Amino acid sequence: MHDLDSPLLDLRNIRCFVVAAEYGSLSSAASTLGMAQSALSRQVSQLESLLGCRLFHRTGRGVALTEIGQAILPRAQIMLQTAGQLVDDVLAQRNQPAGSVTIGVLPGLSRPLMSRVLRRLLAAYPDIRLKAVEAYSGEVENMLAEGRADIGIFNRYRPTQRDAREAVFSAPLYLVGRAGALALARQPVRLGAMARVPLVLPARPNGMRSYLDEVCNRRGLKLNVVLEASSGTLIREVVLNCDVYSLLPYHAVADEICAGTLAMAPIKDPVLRQAAFVDTTRKHPLSNASKAVLKVVLEEMRALDTTVKKADG
């Protein structure tokens, strides 16, 4: 085993040796490498000195490999190939983002958003591996704070929270129930009427629940919450199969609305809206892969926002 404290092989020496061996001529090798023959000869001599043996026989017509030179040539060629591949891989990594990226995403946005994001990533960044974790806003923000997510999408409901210009997505909430449900017949639905129907809402702590509770308390109303759920999929499931209602944005149930299995009614007095924000963790620097995913997420969120606004209009 080579002593790592002793002089190590220099790839410049190896390259000069390999090219000289392949051409059988120091002058031809020097011309190919764009260097003086004397400089190439010094490189080969340095390698011979380091190895303690002759690698070439000098002949009148050029150079010929010694027995040891012939033995090490294939391995020297592999060394150069491996070094070149290493440089190519690093450049590819630098120019083509790769690696794992974790996103904390709201249940209501995961279905319309993640397929769009993944479709683009597969086409543009095939070496990025995405992990999407569905969670409500509070948990998403915890994930960002603890570094468990690189990118997080969370909602705000209070009109005074954050500058509205920072939001990348905004949508009204609707009262959603099975198609033909009586509570949806009179539109829009006022908060007082909504308080009388059986509701399925996200489990506390939850931003929407907190804001809704505050509004109801100011008006002396109490919501009839028959089920608290920690999953957007569960909320959709029970609304589809039971005589219950929930407060959801259109994009969360667009497929069911289009299929005619669910219906919705706008809420009035007050109008309830959710504003979605995208943020990144401060726990560690963003990788190139995370930056690429963030750009795609922001673009797709804004495109979805435009689509929702057109549907509302």
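What radius of gyration does the protein have, against that of a compact globule of 313 residues?

1. The radius of gyration, taken over C-alpha atoms, is 33 Å, whereas a compact globule of 313 residues would have one near 20 Å; the globule rule is 2.2 Å times the number of residues to the power 0.38. Along the principal axes, the C-alpha atoms fill a box of roughly 105 × 40 × 35 Å.

2. This is a predicted model, in which local features need pLDDT of at least 70 and side-chain atom pairs count only at pLDDT 80 or more, while totals for chains, interfaces and linings use all residues. Residues are numbered from 1 along each chain as its sequence is written, and side-chain values use heavy atoms, with hydrogens and water left out.

3. The protein contains eleven helices and twelve strands (DSSP runs, H or I of at least four residues and E of at least two, numbered from the N terminus).

4. Of the 313 residues, 42% count as buried, meaning under 20% relative accessible area with a 1.4 Å probe, protein chains only.

5. The largest nonpolar core has 25 residues, and L109, I153 and M301 have the most contacts inside it. Such a core is a set of buried Ala, Val, Leu, Ile, Met, Phe, Trp, Tyr and Cys residues joined through side-chain atoms within 4.5 Å. Elements giving two or more residues to this core include β3 (99-105), α5 (107-124) and β5 (151-156); α11 gives the most, with eight residues.

6. Apart from this core lies another, of 23 residues, among them A181, L199, L201 and L223.

Terms used:
Buried means under 20% relative accessible area, exposed over 50%, partly exposed in between (1.4 Å probe, protein chains only).
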